[in-house]
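Biologist: I would like to learn how to read a protein model. Can we take one feature at a time?
Modeller: Gladly; here is the model.

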Amino acid sequence: MSDFSEELKGPVTDDEVETSVLTGAGMHFPWLQTYIETVAIGGKRKKDFAQTTSACLSFIQEALLKHQWQQAAEYMYSYFQTLEDSDSYKRQAAPEIIWKLGSEILFYHPKSNMETFNTFADRMKNIGVMNYLKISLQHALYLLHHGMLKDAKRNLSEAETWRHGENTSSRGILINLIQAYKGLLQYYTWSKKKMELSRLDKDDYAYNAVAQDVFNHSWKTSANISALIKIPGVWDPFVKSYVEMLEFYGDRDGAQEVLTNYAYDEKFPSNPNAHIYLYNFLKRQKAPRSKMISVLKILYQIVPSHKLMLEFHTLLRKSEKEEHRKLGLEVLFGVLDFAGCTKNITAWKYLAKYLKKTLMGNHLAWVQDEWNSRKNWWPSFHFSYFWAKSDWKEDTALACEKAFVAGLLLGKGCRYFRYILKQDHQILGKKIKRMKRSVKKYSIVNPRLSY
């Protein structure tokens, strides 16, 4: 890797490029150069530049998949010859491919360092001018990853003012993205200044100066981010930052407009986070329950297992509309359909309590509507003898809630329910007795047909 680093840092001449094509300078595997220079096809051996580079690319990809960073770095020497390909299309595509492969290798190689990566990035920007903006942006993200905020900002500023070639729509989006990331860095500074301001008393002599500094940074950030978030796409960190600043300065209408457009504009891709941000904003503003229900209803359709579904259930349960209260039961069943939620004791508590309330309210049909599509797989998924033993051992409170639900849905003959009922627990003894009485009274299953 040290040889590779030195090669990148040193000057490159046309003679060196030519030599690397002919001799494969830097290769540590003599057998490889022979193999890639002469590719066997159908028993015949012939030198073929395209086959050479194709074979080398395959070696690099395989090494990357196996995380063999040193091997991949050595293969890269021979792959540089694609910059001299006679095929103009391949020659133009080469810089981007080399950048993607090389940056991946340098990012993960144990002997790589910041100086090597920066040198490689600068080289690739000048070789592949058509990819200058894209490489600059990815280079800035690498610097951000390593906490070099000033260098990243300088990199983005240079890219922002770079001019070459035609103004295409894709180039315009890249410029907007670069400006937005620059705005994100300014937001970080603004956030720190805001924190500093919160520690000062308004009578403090430094308060006005810091407040003005905070305002200046917010203006710069807004200008850089606002253009990007109008373009259809997924811009979560930019939207969150922009909305936070609008809220800070009291522009709640502006913040709501941004979030509403981000969530509901049909030109934007479906994005659960857009609805989460809007819901959290409405919640902070103490918006009417109906508005929050409308937002979470869409989130439920996209991600029915999201943790906010329990809040959605609570809102529906408190609604005066019968259709909302029925949906509240559907939401709980929907959450527990997912394997990742099977141990969620809050979801089981809500379901146990709401099932009983629903049945007491003479809404047996609601329960049957949900249970009919699940009765063939929920018993083994949730209520097997194995899960009864396992749940009781790991979390007795969870086991009790599940047992109550099992009893209501499957009757007192359910194995899960019977197992929990037989357990001797000093603290939970009274709860288990109450559970037994409720199951006997409200279970939807005929006792003679118990599972």
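Modeller: Start with His-139, which is found in helix α8 (residues 132-145). Helices (H or I, at least four residues) and strands (E, at least two) are DSSP runs, numbered from the N terminus. The model is predicted: local features need pLDDT of at least 70, side-chain atom pairs count only at pLDDT 80 or more, and totals for chains, interfaces and linings use all residues. Residues are numbered from 1 along each chain as its sequence is written, and side-chain values use heavy atoms, with hydrogens and water left out.

Biologist: Is His-139 buried or exposed?
Modeller: Buried means under 20% relative accessible area, exposed means over 50%, and partly exposed is in between (1.4 Å probe, protein chains only). His-139 has 3% relative accessibility, so it counts as buried.

Biologist: Which residues is His-139 in contact with?
Modeller: Contact means heavy atoms within 4.5 Å. Leave aside the neighbours within four places in sequence. His-139 is then in contact with Trp-99, Phe-117, Asn-118, Ala-121, Asp-122, Lys-125 and Asn-155.

Biologist: Asp-122 and Lys-125 are both on that list. What do Asp-122 and Lys-125 form with each other?
Modeller: A salt bridge is a side-chain nitrogen of Lys or Arg within 4 Å of a carboxyl oxygen of Asp or Glu. Asp-122 and Lys-125 form one, with their closest N and O atoms 3.6 Å apart. Both sit in helix α7 (residues 114-127), three residues apart, so about one helical turn separates them. Asp-122 is partly exposed at 39% relative accessible area, whereas Lys-125 is buried at 4%.

Biologist: How many salt bridges are there by this rule?
Modeller: The count comes to 16. Take Lys-194 and Glu-244, whose side chains meet at 2.8 Å, N to O. This pair links distant parts of the chain: Lys-194 is in helix α10 (residues 169-198), Glu-244 is in helix α12 (residues 236-248), and they are 50 residues apart. Glu-244 is partly exposed, at 25% relative accessibility.

Biologist: Where do Lys-283 and Glu-311 lie?
Modeller: Their side chains also meet in a salt bridge, 3.0 Å from N to O. Lys-283 lies in helix α14 (residues 272-284) and Glu-311 in helix α16 (residues 309-318), so the pair ties together parts that are 28 residues apart in sequence. Lys-283 is partly exposed, with a relative accessible area of 42%. Glu-311 is partly exposed too, with 27%. Salt bridges can also share partners: Lys-343, Asp-391, Glu-394 and Lys-402 are joined that way into one network.

Biologist: Lys-402 belongs to that network. Which residues does Phe-383 contact?
Modeller: Again, set aside neighbours within four places in sequence. Phe-383 is in contact with Trp-348, Trp-378, Lys-402, Val-405, Ala-406, Leu-410, Cys-414 and Tyr-416. Phe-383 is placed in the loop between α20 (378-382) and α21 (385-394). Its relative accessible area is 3%, so Phe-383 is buried. Phe-383 and Val-405 are 22 residues apart along the chain, and their C-alpha atoms are separated by 9.4 Å.

Biologist: Where is Lys-430 placed?
Modeller: Lys-430 is in helix α24 (residues 429-442). It counts as exposed, at 65% relative accessibility.

Biologist: And the chain as a whole? How many helices and strands does it have?
Modeller: The protein chain has 24 helices and two strands. It has 451 residues, of which 45% count as buried. Now take contacts between residues at least 6 apart in sequence. Of these, 61% join residues at least 24 apart.
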